[in-house]
Structure formats: C-alpha cells, structure tokens
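Welcome! Take a moment to look over the structure below, and then we can walk through some of its features together.

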Amino acid sequence: MASYREERFDLRGIETVVQIAGEGEPLVFLHGAGTVTGFDALLPLAERFKLIVPFHPGFGPSADDTTVDDIHDYRRHYLDLFDELGLAEMALAGHSMGGWLAANFAADHTERVTRLVLAAPFGMRVEEHPTTDFLAIPGDQLPPYLTADMSIFEGHVPMPPTPEFLADRYRESTSAARLMWTRPYDLKLHRWLHRLRMPTLILWGDADRLIPVEQAAVWSDLIPDAEVRTLPGVGHLMFDESREAVDALGSFVGEGLTV
Amino acid sequence: MNVFDDIQFYLFNHHHYIDEPADADRYDSTWVDYPNGKFDAEVAHELYQRWTREMLLAEELGFDAIAVNEHHQTIYSMQPATSVRAAYLAALTKRVKILVAGVPINLSWPSRVAEEYAMLDVMSNGRMEYGFPLGTGMEYWSNAGQLNPTTARARFRENLSIILKTWTEDGPVRHDGEFYNYRFLNVWPRPMQKPYPKIYIVGSGSQETVDVATDFRAGYSIVFTPIEQQLKAMANYREAAESKGWTVQPDDTIFTVIAYVADTDEEAVREARPHIEKFFSWFHRVPPQFLSPPGYVSRSEYLRRAQSAALADGTRATWDDMVSIGRIICGSPDTVADTLSHWAQEAQCSRMLMVLQHGDMPEWKAVKNMHMFAKEVIPRVRARSSSGEAAKVLAGVK
C-alpha cells in the first residue's frame, strides 16, 4: 500500500500541510470539519491517481488562519494552493464540509475541475431533512452521529480522551465555527449549483445521522450532470467505514480517464 | 493612608429563580437549554420582590453599593436585561452606588449600551459604576448565531472602545471598525460623571481579560474563582498596568466573596452549607460544552481549563475543597473580618463584592447574614483604617 509524503506550503504567511501519495492524474480530496481518523482509508486511491489531501487552515498540522472565515476565503485559499501545486486541472472530491467547499470551488472555476465527487456534502438547507447541527452536540455524544461503526475510532481516540486530544478537537471546532457558527447551512448554495457542468458523483451513506441521505436528491436535482450512489448501512464517515465508498470514488474518477 | 481607609462593600444578589423541580436530576444543565416551560411567573414575581427587599436593605444597613449583573436563559439569574433592573433599583434608592456588571456588550449595539448607561447615570444623579463582561460561554449559546464566539474577544475590544469614544469625544464622530461602522456616533444623553463612571472589566483571571483591562486603563473585577486565582490575577493585572505606564489604585480591583456570618464558625457552616452546596450543584449546573463554545477561548486556554477541570468544576467539588481553595468564607465575625482584611491587604484591594444570599437560602438566613455582616464584620474591617489604628494606639496609651 502506498503511503503519504508531506509537503508544506507558505500561503500568505500561513503554513499549509498537504499529504500526497501515488503518481498519475491529480485527485484532490477536501476533508470535512474534523481530522480525527486521518486519511489512510483513502490510500487505495493512490494506486491509480496522484492523491492530494490538503489540511484546511486551522485543521490538523496546518496553521490557523483566523481570517479564513467564509466559504469564499476557503475557495481563494485553494486557488492559491492549487497554483502552488501547479494544478491547472484536477478531479476534485470533497467530504462533508469539504463537499461544500468543493462544490463552491467547482462552480466558480469550472475549467479547473474535470470530475467532481461530493461525498455527503454539507451546506444545503433542506427543511424536511435537516442537517444535524453538530456544533450544538456535546463532543462526547457526537461519535454515533458520525459513524455507524464505532470501531473506526480505534487507534485514533485515546480512552479516556486526554486534555491534549480534547484541545485539538476544540481547535478544529473553532475553525469550523468560523465558517458555520452563524448558520449551519449556506442560504445561497442552491442558486449556483447549475454551474457544475462537469460529471458529478453524489455519494452518500444511507445510515448517515449527520447529514441525511434524503438531501442527495436535492443536490442531484440542481446539478446538470449528476449521478447518485448510496451506500447501504454506511454512516457519515463513509470512507473510514466502507471500502466500497473509496472504490466508488475511484472508479467514478477513473471513468474520466479511460474516455 | 492604607487600603482600609476607603474600603467599600458592595452587596451583590444573583437574582436566582428558586423552584427546584422534583425531576431536577434529569437535567445536565440549568443554563441555555433548561426548559423554560418550568418558568412560573407567580414564583418569579415573589422572588423579584424578595430580591428587591434585600437590595434595599443593603442601603439601610450601610453598604456602600449594590450590584447587579446579567445572564440569559438560566435559573441562575432572572436578570437578562440588567439595565432594566438597575433602573428599577436606582429609583428606589437614594445613597448607594449601583454597580451594573453588566451587559455583555457583545450582545447589544455599543451605542445602545453607551446610551443606556449614560441614561442610568444621569437619572441616578451620578451613582453608577459599570462592569464590562465578555459574557460567559453560555450567553453565546443563548443568543443568535450571528454572535460568533470565535470573534467574541476582538468584538468586545471594539465595542468597549466605541463606548468610551462616544462618552469622551464630542460628537458626532465616525467609527470605521472591523465589526461596527458608525457614520454619526453621537449618543445623547451622556454620563453625569466625568469623564465617565468608574468602569471595571469583568474577568475570571485569564490573561486576555487582564490585557483588555490594562489596555483601557479600566478597573478589574473578578468573578467566582478560587481566592488564590483571584490574588494571582490581581497581581498580574497590577504588573501589566505598570508595564503600560500606569499604577493600579486600591479601588481599581473588586474581589468577589461568597460569605456567611454567624455567632460562631460552627453555626455559620451549619446554616450556610446546604445552600451553598445547592448553589454549585443546581444553580451553577453547567456542562463543559456550554462553558466553552468553539473559539470562546484559545486552544491553550482550553487546555489549561481541561487540565484543571476538577478544581474549576464546582458541581463536583466537595465542601472541604471549596473552603480550602477559598471559594467561600463561612464563620464568626472575627473569622470573616480577619480573612477579608488579609485578602484586602495582600491584594491592596479596597472593593469587596459580597454575595450573602446563596442558592435556595431562605429569606431569614440571608437577611440575618446581611445584618451580621453589616453590624459585625464591616466595623471590624474598617477599624483597620489609619484612623482606626490611630485610635487603638491612643486607647493603648491610656
């Protein structure tokens, strides 16, 4: 199995850490609002692609940037990073909060995104099937919302959690709150999804307790060329839980290469 | 001159909502999400009457000031609009100063706080003092999401600067800030006391609040924390002020003291203990999530708190723990007066904010405590003033 190498970039004075594995066509993965379980589950993708997993500002080993506090700050942050990485074009995938970012990036920079994967994306306001406001849930009660399979935390979460571990989670919640405290959805998102003209895969676990799978239909109705793939019995942290989720992502991106 | 020459006692009352339900154990919190279906306006009305009686008694008994504060969505306090309460009390009192400590200014428009506070100062004929709190973490959960805790501290500083600007600079003035933009900042009325009433930053001892207080040359008032922590924070404040070129005066700091006085130490503990324990276990029942919303503190401050959770969490602390760390002081007049005097001396602090009503304490005990404090403790502390010491020397000579 491939492993990640780490590259560090100074973007506007903020150190940004990127994990890269494999060779080939670039596949960028934008992570969600927490990095507890890491990204080793994605490594099978490095067998076929150059897998690029950047840590957002304020997450994991990347430094804090308190001025990155709205979705377009993130979008421009990734313009900077992709320029540094020399990525004129890429396949772009995003999970949860990262799905929201990926959708925004792709809508504004359609020419740079060849294929798009939105994995249980955050940000859509669906009144009948609302996203769980995870900021309002105490940390110790959050895991069952994140996954249907608690074993994925083994080796990632000390028991009992240490003060250092809790402080790291608090810091990542703070980074997420800069973006999401005001409201846990994006009121304008639905108005711009028609711009996503690239082939798009919407991937969702049907046991997702954080962002209900029913939201998938709302996204696919708004995106011109979208297909939906649901994963039975899988929760929000789909890539940790299910190899099938990783493979579905890989084969969708791979289809683009063989055409 | 010594620190006791101008020592002043403030009576503070939490304005608790006292009505513990039979199913109290079901609730992890009496703040933020404690169901307001439990609120009974008849009960609350009686309590407002009672708290008013106790505040007015303070003036009668010779306290120098009364103090009110603000919290939201909690049985801990029935003062979500502290200026309203202060106006009511100002109308019913003549002599005492009134410390409003205060509106968490981030929850309001700065110009509006400046107006309300100026109005109170003029109406009360210049009897007001103001404490500026950031607001507990709970206040951020209890208010609209538009108030983001990740920017609370930066917003607080800007807020405070706007209030002081409009009180001191003749308007209209412009303000172009990060959070607020005023084309015509020009509040009317302006305070009676010049340049403005005495102000304090309310903190719990963190470096962040000490920095704000010293940057703005404001006083510093410490909320309920162990006394060692209060003393340390005051020393830190004093030092920070010196480094910024000014010297802290005895009236620049306020201690917060939870006290109960009776004829003997044993009687004091017997009478007060169940109510003080109830204060921590029920009225101040707050889960960690509500104490620290995301970004309310830095990662390092969060870590510091996580590492000392056992000490900070009164809900789980034992009585002996609380006494030994100086969170509370219960005893005879000599015990209480000696301890207070020692703290005043050590911190060179001449302002004592006294909490004399605790949790579900019945009125008779709170009133007895106030009488004992006013008649037995205050004179003992005041006797340590330079004129008191001189009188003792003279008496000794005779």
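Where is A:Ala120 found? This residue sits in the loop between strand S6 (113-119) and helix H3 (143-146) of chain A. Helices (H or I, at least four residues) and strands (E, at least two) are DSSP runs, numbered from the N terminus.

## Before we start

This is a predicted model, in which local features need pLDDT of at least 70 and side-chain atom pairs count only at pLDDT 80 or more, while totals for chains, interfaces and linings use all residues. Residues are numbered from 1 along each chain as its sequence is written, chains are lettered from A and ligands numbered from 1 in the order in which they are written, and side-chain values use heavy atoms, with hydrogens and water left out.

Most residues other than glycine have a negative phi, and most peptide bonds are trans. A:Ala120 has a positive phi of about 40° although it is not a glycine.

One runs from B:Ala101 to B:Gly102, with omega near -15°, and B:Gly102 belongs to the loop between strand S3 (97-101) and helix H3 (110-123) of chain B. Another joins B:Lys194 to B:Pro195, with omega near -5°; B:Pro195 lies in the loop between strand S6 (181-185) and strand S7 (199-203) of chain B.

## Where the chains meet

Contact here means heavy atoms within 4.5 Å. On that basis, 21 residues of chain B are in contact with 18 residues of chain A. The area buried between the two chains is about 1,600 Å², and carbon and sulfur atoms give 62% of that. Buried area is the accessible area (1.4 Å probe) that two parts lose on being put together, summed over both. B:Pro294, B:Arg299 and B:Tyr302 supply 34% of the area that chain B buries against chain A, more than any other three residues.

Two salt bridges are found across this interface, each a side-chain nitrogen of Lys or Arg within 4 Å of a carboxyl oxygen of Asp or Glu. In one of them, the side chains of B:Arg299 and A:Glu164 meet at 2.7 Å, N to O. On the side of chain B that touches chain A, helix H4 (137-141) and helix H10 (299-307) of chain B each supply at least two residues, and H10(B) gives the most, with five.

Rolling a probe the size of a water molecule over the atoms shows where empty space is left. On a 1 Å grid over the protein atoms alone, a cavity is a set of points where a 1.4 Å probe fits but cannot get out, and a pocket is an open set with protein on both sides within 12 Å along at least five of seven lines; lining residues have an atom within 4 Å of a point. Grid points are joined across faces, edges and corners, and a volume is the space filled by probe spheres set on the points.

The count comes to one cavity of 30 Å³ or more, and the largest cavity has a volume of about 50 Å³. Its lining includes B:Phe224, B:Gln230, B:Arg327 and B:Trp343. S9(B) gives the most to this lining, with three residues.

Helix H1 (71-84), helix H2 (97-108) and helix H4 (163-180) of chain A are the elements that give two or more residues to the lining, and H2(A) gives the most, with five.
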